[in-house]
Amino acid sequence: MERIAVYAGSFDPPTNGHLWMIQQGAALFDELVVALAVNPDKPGFFSREERLAVLREMVGDIPGNVRVEAVNHGFLVDFARELGANYLL
């Protein structure tokens, strides 16, 4: 069984701590999906598109098992289920 994990957050802004978590997750799981979510109770500094671009650039040097996706609706657990993920990081 493939080990797929989701690492979710608002990543506003993406930090070196986030990158460290992504690197650790990439080593632990067969696939890691970095899920950019929106927290309506938290005023954003960067736009969603800017955060997606920065996250994708940050993970560009990590071998091919990491990808960045936007959570567009619903609950995180539903998003993870749609991806076939069985872990949350």
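1. Arg3 lies in the segment before strand 1; helices (H or I, at least four residues) and strands (E, at least two) are here DSSP runs, numbered from the N terminus. With a relative accessible area of 34%, Arg3 is partly exposed. Arg3 and Asn86 are 83 residues apart in sequence, yet their C-alpha atoms are 6.7 Å apart in space. Neighbours within four places in sequence aside, Arg3 is in contact (heavy atoms within 4.5 Å) with Leu28, Phe29, Asp30, Glu31, Asn86 and Tyr87.

2. On the basis of the note: this is a predicted model, in which local features need pLDDT of at least 70 and side-chain atom pairs count only at pLDDT 80 or more, while totals for chains, interfaces and linings use all residues. Residues are numbered from 1 along each chain as its sequence is written, and side-chain values use heavy atoms, with hydrogens and water left out.

3. The protein has four strands and three helices. Read from the N terminus, their order is β-α-β-α-β-α-β. The radius of gyration is 12 Å, close to the 12 Å that the globule rule gives for 89 residues, so the protein is as compact as a globular protein of that length. This radius is taken over C-alpha atoms, and the rule is 2.2 Å times the number of residues to the power 0.38. Along the principal axes, the C-alpha atoms fill a box of roughly 40 × 30 × 15 Å.

4. How much of the protein is buried? Of its 89 residues, 39% count as buried. Among contacts with a separation of 6 or more, 77% involve residues 24 or more positions apart. The accessible surface comes to about 5,600 Å², and 55% of this belongs to carbon and sulfur atoms; the areas come from the Shrake-Rupley method with a 1.4 Å probe, and for residues only the protein chains shown count as cover.

5. Helix 2 covers residues 48-58, and its buried residues are Arg51, Leu52, Leu55 and Met58. Seen down the helix axis, the buried residues fall within an arc of 130°, so they line one face of the helix; the arc is that of the directions from the axis to the C-beta atoms. An α-helix has 3.6 residues a turn, so residues three or four places apart point the same way. Glu49 and Glu57, on the other side of helix 2, are exposed. The cover over the buried residues of helix 2 includes helix 1 (16-28), strand 2 (31-36) and strand 3 (66-70).

6. Met58, in helix 2, counts as buried because its relative accessibility is 19%. Beyond four places in sequence, Met58 touches Pro14, Thr15 and Leu19. The C-alpha atoms of Met58 and Pro14 are 8.7 Å apart, although 44 residues separate them along the chain.

7. Which residues does Val33 contact? Val33 belongs to strand 2 and is buried, at 0% relative accessibility. Leaving out neighbours within four places in sequence, Val33 is in contact with Ala5, Val6, Tyr7, Arg67, Glu69, Phe79 and Leu83. Leu89 is 56 residues from Val33 along the chain, and their C-alpha atoms are separated by 9.7 Å.

8. Arg67, one of the contacts of Val33, lies in strand 3. At 31% relative accessibility, Arg67 counts as partly exposed. Apart from residues up to four places away in sequence, Arg67 touches Glu31, Leu32, Val33, Val34 and Leu83. The C-alpha atoms of Arg67 and Leu55 are 9.3 Å apart, with the two residues twelve apart along the chain.

9. Most residues other than glycine have a negative phi, and most peptide bonds are trans.

Note on methods. Buried means under 20% relative accessible area, exposed over 50%, partly exposed in between (1.4 Å probe, protein chains only).
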